[in-house]
Amino acid sequence: SYIYTDRPVYRPDQKAYFKGILRRSGETGYEMLESRIVHVTVTNPEGGEIFSRDLPMSARGTFSGELDIAANAPLGGYSVVVNLNGEEAARGFFEVAEYKKPEYKVKVTTPKPFVTAGEKTKYTVEAKYFFGAPVKNADVKYYIYRSSYYPWWWQEEDDGLGDSESEDEGSDY
């Protein structure tokens, strides 16, 4: 299952759009469900139910809906719960937050888009107020995330350690 909204954060008095995809695990991989109806409930951070409806599921196993967030809606995390035949089949989340106008803009530039683990690089951080003056003596907090990157043209070679059963028979590239 996968549940998502058109954006992760909303303000009170806005409309939220959500969509879901449901499959079941079968002998040959993911399979379509027989059911054509799901029940979707959305609850606010206080546990109050703000949306409860049966929604039709498409032939491709998707469903969608929308709800109006009240002007006086509580701020915080909202849950989207999908029930299928009386059992929870999926859960998603979104936030409702108060809008705060940003005071300044931060721009980070790098000499290249990717850096290999262990390689040194420099980053340029520029912070300016929206009226143009630079932000001076501000504290900087940053996070560095690490993830694997494989170019689109890269093909994994069998190293004998995996459980892959596919073989490459004389590809020309």
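Predicted model: local features only at pLDDT ≥ 70, side-chain atom pairs only at ≥ 80, totals over all residues.
Local features are reported at pLDDT of at least 70 and side-chain atom pairs at pLDDT 80 or more, whereas totals for chains, interfaces and linings use all residues. Residues are numbered from 1 along each chain as its sequence is written, and side-chain values use heavy atoms, with hydrogens and water left out.

**View 1. The largest nonpolar core contains 23 residues.** A nonpolar core is a set of buried Ala, Val, Leu, Ile, Met, Phe, Trp, Tyr and Cys residues joined through side-chain atoms within 4.5 Å. Buried means under 20% relative accessible area, exposed over 50%, and partly exposed in between (1.4 Å probe, protein chains only). The residues with the most contacts inside this core are L22, V38, V40, F63, I69, V82 and F94. Among the elements that give two or more residues to the core are strand 3 (15-21), strand 8 (62-68) and strand 10 (87-96). Strand 9 gives the most, with four residues. Strands are DSSP runs of E with at least two residues, numbered from the N terminus. In soluble globular proteins, nonpolar side chains tend to be buried together.

**View 2. Three strands form an open sheet in the order 1-3-8, with antiparallel pairing.** Two strands pair if DSSP finds at least two bridges between them. Strand 1 (2-5) and strand 8 are the edge strands, each pairing on one side only. Four bridges join strand 1 to strand 3, and Y2 stands opposite I21 in strand 3.

**View 3. S35 is found in the loop between strand 5 (29-31) and strand 6.** S35 counts as buried because its relative accessibility is 17%. Its side chain reaches the backbone oxygen of I37 at 3.1 Å. Leaving aside neighbours within four places in sequence, S35 is in contact (heavy atoms within 4.5 Å) with M57, L84 and N85.

**View 4. Y10 and F94 form an edge-to-face aromatic pair.** Rings of Phe, Tyr and Trp (its six-membered ring) pair if their centres lie within 6.5 Å; planes under 30 degrees apart count as stacked, over 60 as edge-to-face and the rest as tilted. For Y10 and F94, the distance is 5.3 Å centre to centre, with 85° between the planes. Y10 lies in strand 2 (residues 9-10) and F94 in strand 10, so the pair ties together parts that are 84 residues apart in sequence. Y10 is buried, at 0% relative accessible area, and F94 also counts as buried, at 3%. Ring pairs link Y10, Y78 and F94 into a cluster.

Definitions and conventions
Polar contact = N/O pair within 3.5 Å; in protein donor to acceptor, adjacent residues only side chain to side chain.
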